[in-house]
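Welcome, and thanks for taking a look at this one with us. Please open the structure and keep it at hand while you read the briefing below.

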Amino acid sequence: MRVGLDVGGTKTEAVALDDAGVVVARVRRATTFGPDGVIATILASVEEVGAQAGGIVTSVGIGMPGQIVPGSGTISHAVNLGVRSLDVAAVVGGALGVPVDVENDVKAAALGAAVLRTAADPGASGAAESGLAYLNLGTGVAAGLVIGGALWRGVRGAAGEIGHLSVDPEGPRCRCGQRGCIEALAGGRAIAERWGRPGALPVADVFDVAEGAGPGGSERERARALRDDLVRGVAAAVRVLVLTADVDVVVLGGGLTALGDRLVAPVRAALRRSGETSPFLRSLHLDERIAVLPPGSPAAAMGAALLAAERGEEVLTVG
Ligand SMILES: [Zn+2]
């Protein structure tokens with residue numbers, strides 16, 4: 001039984017997969033901050049999901065926000081977890097006595113999204129084989145690429161970090177120091193900072209005001225400008241991913257996709273508009289290549305559970 005974890009800044013999700021790749025157990029718990037807290041959260045999650053599934057855990061895969069050098073089990077710069085550098089694979093593997101793989105959470109989610117798509121449409125020759133990009137739209141923006149059934153990590157694990165690709169030299173200042181990064185336009189944190197109104201769901205608030213709820217006048221104009229920036233940022237990300245890797249599909253996921261068609265429909269429209277002046281872009285059918293991860297699907301935890309198989313270059317299957 002393979003166990004996969006998605007360790008996030010506030011919560012940790014764990015799934016157990018049987019030999020056929022079917023999710024047989026799923027648990028969720030709050031993440032404890034700091035290196036010791038993160039390790040304790042991981043061990044408790046593995047124990048709980050293993051007990052729920054009632055089988056023997058043979059491998060553990062862990063997706064975490066932060067940088068992971070390919071082939072290592074060490075996470076670094078995981079600011080949201082309060083972890084500067086930690087050899088998670090060594091510590092967890094030592095405690096559990098099973099092989100442990102660690103991967104960046106967006107990359108793990110890309111693997112999970114590829115498997116979910118193949119499972120949903122086995123006749124479609126497998127997006128995982130022909131190429132899939134997963135675009136995570138959360139507090140930040142990043143992507144993961146699955147090419148030929150395997151994650152494309154790059155030399156230092158930075159492949160897919162397109163959030164800090166500048167697409168507008170006159171655009172808003174990004175926290176990385178550049179102007180007009182995709183993340184400065186489309187990242188949830190950047191939008192919340194630029195919007196400045198308090199609230200639990202600032203991006204949804206931007207859309208509500210832009211669409212006519214609440215204040216009008218200059219506030220509405222400001223909300224519309226932010227919404228337009230978000231849409232052009234996501235459209236730019238899709239364009240970059242398809243033009244770089246010619247993936248079959250760009251799967252959108254992350255907290256901002258809770259907006260559903262309020263976000264996705266204008267992104268598709270923006271991509272169609274870019275095709276109106278360019279026969280080349282039109283021929284790529286960018287708008288038709290977008291899909292959205294089903295809400296609540298545990299893509300990152302599933303992908304993490306399959307890391308051991310992916311590294312072993314086994315064919316990924318799911319029932
Ligand atoms: Zn940036």
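Which residues are the protein donors of the zinc ion? They are His-164, through ND1, and Cys-174, Cys-176 and Cys-181, each through SG. Please keep in mind that this is a predicted model.

**The zinc site**

- The donor atoms lie 2.1 to 2.3 Å from the zinc ion.
- The site has 4 donor atoms, and the angles among them run from 103 to 125 degrees. Because four donors count as tetrahedral if all angles lie between 85 and 135 degrees, the site of the zinc ion is tetrahedral.
- Along the sequence, the donor residues follow the spacing H-x9-C-x1-C-x4-C.
- Both His-164 and Cys-176 sit in the loop between β11 (150-151) and α5 (182-186), so this pair ties together parts that are 12 residues apart in sequence.
- His-164 is partly exposed at 34% relative accessibility, and Cys-176 is partly exposed with a relative accessible area of 39%.

**Salt bridges**

- The structure contains 16 salt bridges.
- Asp-246 pairs with Arg-289, with 2.9 Å between the closest N and O atoms.
- Asp-287 forms a salt bridge with Arg-272, and their closest N and O atoms are 3.2 Å apart. This pair links distant parts of the chain, with Asp-287 in the loop between α10 and β13 and Arg-272 in helix α9 (residues 261-276), 15 residues apart.
- Here Asp-287 is buried, with a relative accessible area of 13%, and Arg-272 is partly exposed, at 44%.
- Another salt bridge joins Arg-227 and Asp-228, where the closest N and O atoms are 3.9 Å apart. Asp-228 counts as partly exposed, at 45% relative accessibility.
- A network of salt bridges links Asp-168, Arg-194, Asp-229 and Arg-232.

**A buried glutamate**

- Is Glu-310 buried or exposed? Glu-310 is buried, because its relative accessible area is 5% and buried means under 20%.
- Glu-310 belongs to helix α12 (residues 307-311).
- The side chain of Glu-310 reaches the backbone nitrogen of Leu-151, at a distance of 2.7 Å.

**Backbone angles to check**

- Most residues other than glycine have a negative phi.
- Asp-246, although not a glycine, has a positive phi of about 50 degrees. This is the residue that also forms the salt bridge with Arg-289.
- His-285 is another residue other than glycine with a positive phi, near 50 degrees. His-285 lies in the loop between α10 and β13, and it counts as partly exposed at 40% relative accessibility.

How values were computed: Residues numbered from 1 in each chain as written. Predicted model: local features only at pLDDT ≥ 70, side-chain atom pairs only at ≥ 80, totals over all residues. Heavy atoms only, no water. Helix = DSSP H or I, 4+ residues; strand = E, 2+ residues; numbered from the N terminus. Buried < 20%, exposed > 50% of the residue type's maximum accessible area, 1.4 Å probe, protein only. Polar contact = N/O pair within 3.5 Å; in protein donor to acceptor, adjacent residues only side chain to side chain. Salt bridge = Lys/Arg side-chain N within 4 Å of Asp/Glu carboxyl O. Donors = N, O, S within 2.8 Å, 3.2 Å for Na, K, Ca; no water. Tetrahedral: all angles 85-135°; square planar, octahedral: opposite > 155°, others 65-115°.
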